[in-house]
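Open the model in your viewer and keep the selection tool at hand. Each stop below says what to select and what is there.

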Amino acid sequence: TLTTNMMSVSKVCVVRSVHQRPITDEYSISGTTFAPDGFIYDASENQLEFPPQSPCLLHIAMCSALCNESTLQYNPDKKSYEKIGESTEVALRVLVEKVGLPGFDSMPSALNMLTKHERASYCNHYWENQFRKISVLDFSRDRKMMSVLCSRKQQEIMFSKGAPESVMARCTHILCNDDGSSVPLTMDIRNELEAKFQSFAGKDTLRCLALALKRMPEGQQSLSYDDEANLTFIGLVGMLDPPRDEVRSAIHSCMSAGIRVIVVTGDNKSTAESLCRQIGAFEHLDDFTGYSYTASEFEGLPPLERANALRRMVLFSRVEPSHKKMLVEALQSHNEVVAMTGDGVNDAPALKKADIGIAMGSGTAVAKSASDMVLADDNFATIVAAVAEGRAIYNNTKQFIRYMISSNIGEVVCIFVAAVLGMPDTLVPVQLLWVNLVTDGLPATAIGFNKPDGNIMAVKPRKVNEAVVSGWLFFRYLVIGAYVGLATIAGFVWWFVYSEDGPRLPYSELVNFDSCSTRQTSYPCSIFEDRHPSTVSMTVLVVVEMFNALNNLSENQSLLVIHPWSNLWLVGSIILTMLLHVAVLYTEPLSSLFSVSPLTLAEWKVVLYLSFPVILIDEVLKFFSRRPRAWSFPLRLWRREMLPKEARDN
């Protein structure tokens, strides 16, 4: 997930001779794809004309071709070379093609005359035809190596490849590159090879494999684990698996979003640490002590130190599938929400145990069925993008709820306050239905298309048990809802008391309208049945909710930061809603059906004056939300739950 998985052998180390310094020879190989095109260069950067003349390179090619279960093929449709199997093994197949075959001085030019389909595995097929495979010891995680028994001209040879520490521990001899002789592996040579391995893994960030062989008794037809001893070391192969370009920024996004990333790998610790340094996982660290562990180191820690290691761990290397499940359980015991990636059958328990199991698209069917999510492109950055998308969906859901609740609170306040004050009904039922079903519905639907906030990956994760609507957020609902309701009533009152086209009644007459028929008045009681006041109220309610819809472009970001045109669906729904409302006001028989009448320009101005402040009120509330600490109360309640875990235990 962190690297391109486009592996290529970039360096090879072999033992030149035990009688002169330097002991080792180092070769570099050009080409960084699965295409069998590239050249081999010595330490002086001189190109080797005939690589198979080097005994060690020749035997490395044999071992890489035979101790291999992958396939390299050319896809004419995509015009590229493709792999079937593990990338590490395909990289070895490509190396075989770059080394070439012995005994042909014109080999490089001859190979170029082949078609791309034939060229893909020409040299590999040659060695597979020269040797007959008899038995295979498959790779296992405890041995960290695989072996294959081959026969040629009544001679049995076992080829092995695997983790350098595992293979070199089983070697007693080495193959010399000068004359092809086999000599005992001394401690000095072993230390030299260990140093070269650490340089490849740490400094060069190469995934390393060691190759070895062993002559077996004539006629042997099977292999056992006991046969993997007294091997002859052939060489050390370093493979480049470059990190994906987008991973570094994805790691930084996780850090700013409060998401902790633990890199889990079966690779060597030095290689993994070097890669983590490249992708920025160790960017804030100078010393990796306490942050990088192998599986064996972690298992050997006492319980208290293991708990501390879990809190700090950034890298977990030389890991087996069982360690993944153990890591998930340990993190969950510390109340962490854990997402775990995996691709193999043995990863299924860890994927099932994790809160979010993420299977690779290239993984097994078992892993996919045990997971909650399948990562089609095997890219870590896609997981981070999914987190951002999930947060955006959650935020839009909250904005939808906020808009609907605040709007409905406004309608309730409008009806309730009017009844309490003793005023006529500000809205008739059909008008309320129109507002709820049409003018509320279109903007509410469009809110689902809000773009993510610019700082969506700079916000810390919410708690698992956190309510969708918090206390502060509900207070905001109430404030906005109360203003919506009071603005609607204010429009109703304005027409009766202040409008030039209205009766200009004293406020006391308005709240005592029900006794109009029982007393002497200077106005007809039929004035309370006029359509104009409820039309003004209804229009204020519609327009204020359109402005409120703009407030819901973001929960806390100002409209000066997230502009209305960032969601054209919302702008379109507001325009459509207003056109429908204008049609209701100015078109018969709709105006009669909804008990409304056309509004004058002066009445429209009052509608806007009463509606627009809802934006200003919400901007103030958003300002407070963005700075919660600046407005918090100085009172602190010291509770047991607020103490560190160690203090609570004590």
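A contact here means heavy atoms within 4.5 Å. The model is predicted, so to speak for itself: local features need pLDDT of at least 70, side-chain atom pairs count only at pLDDT 80 or more, and totals for chains, interfaces and linings use all residues. Residues are numbered from 1 along each chain as its sequence is written, and side-chain values use heavy atoms, with hydrogens and water left out.

Colour by pLDDT, the predictor's confidence in each residue, from 0 to 100. The chain averages 87, and 95% of the residues score at least 70. Now select 630-650: pLDDT is below 50 there, and the stretch has 8 contacts beyond near neighbours in sequence.

Next, colour the domains: domain 1 (8-240), domain 2 (245-384) and domain 3 (394-452 + 470-626). These bounds come from an automatic or database domain assignment. The C-alpha centres of domain 2 and domain 3 lie 52 Å apart.

Select 400-423, one of the spans that an unreviewed UniProt entry lists as "transmembrane region". Such annotations may be inferred rather than shown by experiment. The span is 92% helix and 0% strand, with end C-alpha atoms 32 Å apart. Helices are DSSP runs (H or I, at least four residues), as are strands (E, at least two), numbered from the N terminus.

Finish on helix 16 (residues 429-439) and helix 20 (residues 531-551). Which residues of helix 16 meet helix 20? Q431, W434, V435 and T439 do; their partners include M538 and E545. The axes, lines fitted to C-alpha atoms over the stretch in contact, are 11 Å apart at about 20°.

How values were computed:
Axes fitted to C-alpha atoms, helices over the stretch in contact; angles between N-to-C directions.
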